[in-house]
Structures are given as structure tokens and as C-alpha cells.
Amino acid sequence: MSGFMDTKIEFLKGVGPAKAKLLHEELGIQTFHDLIYHFPFRYEDRSQFLTINQISSDGENVQIKGVIDQVEIVGAAGKQRLTASFRDQTGQIELIWFKGVKWMKSKLKPGVPYIVYGKPSLFQTKYSISHPEIEILTPANETGKKSLLPVYATTEKLKRKYVDSKAIAKMQFELLQAKGTSAVETLDNELMQIMGLMDLNSALRQIHFPLSMQAKDKALERLKFDELFFIQLKIFKEKTDQKEAHRGIVFQNSSLVHDFYTNHKPFELTDSQKQVIKEIYTDLQSGYQMNRLLQGDVGSGKTITAFVCMLIAIGSGFQTTIMAPTEILAIQHHQGLEEYCDKLGLKIRLITGSTKKSNRRKYLEELASGEVNILVGTHALIENDVQFNRLGLAVIDEQHRFGVAQRAKLWQKNKHVYPHVLVMTATPIPRTLAMTLYGDLEVSTIRELPKGRKPIKTSHLYDSSRLKLFGFIQREIDLGRQVYIVYPLIEESSTLDYKDLMDGYESIARAFPKVPLSILHGKMKPKDKDFEMDRFVRGETKIMVATTVIEVGVNVPNASVMVIENSERFGLSQLHQLRGRVGRGADQSYCVLMTGSKISKTSRERIGCMVATTDGFEIAEKDLELRGPGDLMGTQQSGLLDLKVADLTTDGELLKRARRLAEQIIAEDPDLERQKHVKIARHLNKNQIATLRWSAIS
Ligand code: ADP
Ligand code: MG
């Protein structure tokens, strides 16, 4: 059904086909609806007049009324300007034009009262306004001007065709005057009342031509609410639908967990870890398929938490798998868990891109027969020939490193029923983003680090203080500790970056001739990587010079110093991840951020943030503030975050309200069949509301 608001824009008074075409090309405006949703990005405050003696040079535009005394053209030919002396009862100011001098002179009438609007600037002791807006004062516009004037985004091309902000304002005015103009209300009355929201049509009027700043704020709140609320509603609806569609395997046997817990656990779990295990166990018994995100800062002990959950699945007769984004990390998980598996009599296998063919074949057989309890691997384990006998729980470590398709494949590794899925991340996601991007996942958070960890001390050093750094490294090595030195490698294939690393390695070798070193980068053969990593893990080498391949997950508790070269080239979350490689043992650990002497303002802010805090959530919030939601989540998901009016950086509170309401409504009325939900149901069905279905299976 197409209504009045779907009318093509060319039929609006004063538009026509040529302008309509341009509006479409330049601003994507095709219909009345599109136009009305082209909101102003700011307002000119015409709600008050100043007197001339109130003017100060604070950079704000002012509106004054008065008369012109005298108009004259001054300056040499070709550089002429027009000046007009303008006064009210309190003083005098100069108006200046550099362009259209003659035309303007013919227009200005001394002795006649005018309204003048513009930005005053101070020259010596006198104020002047260049190219002010000026019009004759009439009783009508004296009151008419007492308002907020909308300012619209437009483009150079449009402006050349006289479609400037003012022209757009005029179109909006025409449209709002037109008889049929009315947007279909999306919220039911009761809802608006409960939430204290303005109705949609009032909001659309007030956003363009607000009666006051408060009215504009109310209108904006309503429009933002709509945007956020319908995304949340869709998320909860899909989540509920999926829950109904996919039953989950019920795990109830916790005997293995008991055995591990009473006889083999290497340390006491933190309260946070225990709490998370409880949450997951509840899911695993619920009969619903679990899709849960486990957030926990670097070093918070996600691995063992996941392992305990895997024991629940294994104890109930199912297989489990854990997928890691890099080979090094997969190897570490395998090594770490193998020790426990031996004690518990479980079979664990590792499959990566460099697993020998014969081994691979053997493991796949064991996997298909159900002998293997835990399969660890990289994305090599989502290949088609990797077939489980009874996969019950899939864990994805550092989930942000995987694409949607890769994750989805893992879901399907059990032909009969979808396995439970636990995804883990050490990159805390700001709450607002998590609610929007991962809204359909349950979230568990490990909030504390294991006891006895000392917060890492972070400092910023300029390249010129390198000798000081070397002295410090030497002292730490003398204390028996180990050191990472990381170089930025933006692209594994970039020869330039690679040279940085090699030069760095050589200078370290010269500075520490007696200290055994390791080097690690993406161009090395997997075998050599393992060899170097092993030597460092065993403590045979003391300094690891590496690229960001060590960023994710690597665990060497004896390493106490993380030096990051050219740290201005890293993003905040990456710096945080890298820093998380140290501070894993009982010793005081350090992170040194090296930079050149000249760095940009944002780099300085990033580094300042790293020095100031070790709290991953705080860092994530700062990252969001510095980069904006789209950039933060990568291009793949950024489209989703292109909200028109709401801003995930600042509208967290409103988002929370919208989310709570959406959740409540879906819990009460999952199919939106009740009379009081008619309007929201209609809007939800009619509009394409983009959400990211994280847990979507096909
Ligand atoms: P992340 O959450 O970053 O993946 P890991 O699981 O790698 O962290 O754990 C970091 C280190 O902390 C490991 O050496 C692990 O054995 C240790 N660890 C985990 N939980 C505890 C705990 N409750 N008490 C002491 N050490 C722990
Ligand atoms: Mg980890």
C-alpha cells in the first residue's frame, strides 16, 4: 500500500523533476517520507535579540535589530568593500560586504529598521559582521524570527542549483503544511505514555521547526527511541523465535567436573569464574540451545572456565571442540588442556593447517568414532571432512577474529541437533555496542582477575630514551624475567614493516649480545614458529622480538615486560591485547609504549588512556569515543551501526530503556498479537530493520 508519504518528491510545491533528480542523487531523497526524515543537523538560535552593547566575541552568531545610518563603498577598485554603519539605542556596529558590493548598496536603505544576523568579530575596539543575513524588520518577522531555524546538510552540487539549507527548510515547511502529511504512528498510545514520549507526528514537526530547545530535545528523544527500540524488538523477537525452533541438548552429568574440581584443579577459581560456570550450566540444562558470549579481560582465565563447561558436556556423553584464531594459540590451548585431560583420562587432539596428513587422518577417524573428547584447532577444523560423532559444545576463542560464515559452519558440525555454542572474547565490547551487535547472545562476564595479580605498570617513552629502556630490560632479565618487544606489522606481506622488525631484532642483538633471543613473525614456517615459541615458553630465550602474531592469547607467565615499538600505530584494543601478554605471573609487570617525538592528538589520547588504566572496559569505552561505533567493529558490521539519529556513544541510557521495554514486550507477547501492540507489530513487519543475528544458524 502506498500512502501520501510515499509520493515522489518532484510533486512537492517548488521542487519539480530536475531538483528531484538532484535530491535523489545527492542526498538519497526520493519521497516525502525521505524528505521529512532528512533532519537538521543543528539550529540557528533566532529566539532572541541582543542589543549591540551585549555583543561579545565568543564566536556565536547574534541577532540584532536597528537602523542603518550610512552606507559607503571603500577601498581601491577591484578590492572594494561595502560598509554600513548599523546602530540601536545602545551602540553601533559595522556591517561589511566584500562581494556583490554594488547590488547590496542599492538594496540597503538608511533610516529603515532591519534585523541583522551573523557572527561578530572584533577589530581593534570595534565589532563588525561580515556578510550578515539582513532583512527589513516587520511586525510579522519580528515575532516570526523568535525561533530556532533548522540547518540542513546539503552538497555543493545542490547549492549550485540553489538547493541550500534554506531551500530545504522551505521544502520541509511546504511538506509539513500539506494536507495529507502524516507519518504512520509506530507506537501505541499506552507505550508512549509509559515511556513519556512525544507522538511521532509532533516529533517530526518539532525536529524541523522546534518551538523551543526543550521541544527539539523531546522530539529528538522520540526519534532516537524509535530507531533503537525497533532494532531491539527485532533482536528479541528473532531470539525467541530461534529458541523455539531449536531445542538444545540437555547436559546433566557433572561427575567429571567433580573429579576435576576435587582432585586436579590447579588453583582455586575466582568467584567470577564460578559464577560464569553456573550461568552456563543453567543454560546447558535448560533444553534450549545455548548461544552465549563470555567476556573477560585478558588474563581473567577464560580458558579454564570453558574447560570446566566442556567437562559437563563430555560427562554427559558428548564431544567438544575449541577453535582458536591462530595456530600458536591453538597449540597453547592443546598443551594446557592436555595435562588435565591426561589426569582425567580424556582424549584431546589438535588439528591445524600444519597437522601431518597421516595424523590428521587418524584424528579424524577417532573423532568420527567418538573416541576424541576434545578437539582443539584453528579454522582448519571447520573443513567439511572434520566430522564429529556427537558434538555437544563448541567453544570459539577470540571470536571477533572469525567471520560470520566460519562461525556458522561450526554450528552445523552436529547433524542432528545444534551444539551449544560459547564464544569468548578478551576485547570487551562497550555495553551499547554489545546490546546492538550481540543483542541476541546471552552475555557472561568474568569481572575479576585471579588473586595476587599486580596491575601492570605502563609508561610512555620516546625513542630518544632508548638507552633507558635497554637498561631497564637488562635489569628485568637479571631478575630472571622475560621480555616481549613487539613491532607493528600492519600487513603480514608488507616488506617495509618486515624490515622494521629485522632492524629492530639486529639492534636488540647488538645491545644484548649475551642474551638469547627469539624472533617470531607471520612469514616463518609453522614449524619454526613453534620452535621459537617453545624456546621462549621454556625460558631458554629471554627476549621475544615479534610482530603482532603474539597478540592473541599467548600465555607465558614468566614474561614481565612488554615493549611496544611505534605504539602510535596501534589501535587501543590491540594495545590492550598486547599488554595482556604480561602480568600473568606473580611478578610486577611493565608495559612500555615507545613512540617518536611527534605523534597525533588521537595517538596521544590512546597512549594516555593506556597509561591511565588497565581496565579493558574503560579502554573499550574510550575506543568507542575516539573511533565511533562503525570503525570500532570493522566494516563488516558498520552498516548496521549507521544509525540516523541515535548515537551509541552518547545514547546509552535511552538504548537501555528501549531494550528493557522490547524485552518485556516480547516476553509478554512473543508474536505481538495483542491489541496494544498493533502499531509496533505493523511497523516491525513493514520495515526492513537491520539487525545482526549473531546466533543465526543458516
Ligand atoms: P584469558 O582469559 O586471557 O584467555 P587464560 O585463560 O589464558 O586467560 O588465563 C591466564 C592465566 O591465568 C593462565 O596461566 C591460567 O592458568 C591462569 N588462571 C586462570 N584462572 C586462574 C585462577 N582462578 N587462579 C590463578 N590463576 C588462574
Ligand atoms: Mg585466552
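Me: In strand S11, which residues point one way and which the other way?

Reply: In a regular strand the side chains alternate between the two faces of the sheet. Here Gln319, Thr321 and Met323 point one way from S11, while Thr320 and Ile322 point the other way, and all are buried. Buried means under 20% relative accessible area, exposed means over 50%, and partly exposed lies in between, with a 1.4 Å probe and protein chains only. Because five of the five residues of S11 (residues 319-323) are buried, the strand is largely enclosed by the rest of the structure. Strands (E, at least two residues) and helices (H or I, at least four) are DSSP runs, numbered from the N terminus.

Me: What should I know about the model and its numbering before going on?

Reply: This is a predicted model, in which local features need pLDDT of at least 70 and side-chain atom pairs count only at pLDDT 80 or more, whereas totals for chains, interfaces and linings use all residues. Residues are numbered from 1 along each chain as its sequence is written, chains are lettered from A and ligands numbered from 1 in the order in which they are written, and side-chain values use heavy atoms, with hydrogens and water left out.

Me: With which strands does S11 pair, and in which sense, parallel or antiparallel?

Reply: Strands of a sheet pair through backbone hydrogen bonds, either parallel or antiparallel. Two strands are taken as paired if DSSP finds at least two bridges between them. S11 pairs in the parallel sense with strand S14 (residues 391-396) over five bridges, and Gln319 has Leu391 as its bridge partner there. Four bridges join S11 to strand S13 (residues 374-377), again running parallel, with Gly377 as the partner of Met323.

Me: What is the strand order of the open sheet of seven strands, and which strands are at its edges?

Reply: The order is S6-S7-S4-S3-S2-S5-S8, with mixed pairing. The edge strands, S6 (120-123) and S8 (133-136), each pair on one side only. Neighbouring strands of this sheet are turned by 40 degrees against each other on average, direction ignored; the axes are lines fitted to C-alpha atoms, for helices over the stretch in contact, and angles run from 0 to 180 degrees between N-to-C directions. Within the sheet, S3 (residues 81-88) and S4 (residues 91-97) run antiparallel and are joined by seven bridges, and Phe86 stands opposite Ile93 in S4.

Me: How many residues does helix H11 have, and what covers its buried residues?

Reply: An α-helix has 3.6 residues a turn, so residues three or four places apart point the same way. H11 (residues 271-285) has 15 residues and reaches 21 Å from its first C-alpha to its last, close to the 21 Å expected, where the expected span is 1.5 Å times one less than the number of residues. Its buried residues are Ser272, Gln273, Val276, Ile277, Ile280, Tyr281, Asp283 and Leu284. What covers them includes strand S10 (291-296), helix H12 (302-315), strand S15 (420-425) and strand S16 (442-446), contact meaning heavy atoms within 4.5 Å. After H11 comes Gly287, whose phi is positive, near 90 degrees.

Me: What does Thr458 touch beyond its neighbours in sequence?

Reply: Thr458 lies in strand S17 (residues 457-462) and, at 14% relative accessibility, counts as buried. Leaving out residues up to four places away in sequence, Thr458 touches Arg579, Cys591, Leu593, Met610 and Val611. The side chains of Thr458 and Arg579 make a polar contact (2.8 Å), a term for a pair of N or O atoms within 3.5 Å; within protein, one must be able to donate a hydrogen and the other to accept it, and residues adjacent in sequence count only if both atoms are side-chain atoms. Arg579 is one of the buried residues of helix H20, and six of the eight residues of H20 (residues 572-579) are buried, so the helix is largely enclosed by the rest of the structure.

Me: Which residues come nearest to ligand 1?

Reply: Of the 16 residues around ligand 1, Gly299, Lys302, Thr303, Arg453 and Asn555 come nearest; a residue counts as near a molecule or strand if one of its heavy atoms lies within 4 Å of it. A polar backbone atom of Gly299 is 2.6 Å from an oxygen atom of ligand 1. Polar side-chain atoms also approach ligand oxygen atoms, that of Lys302 at 2.8 Å and that of Arg453 at 2.7 Å.
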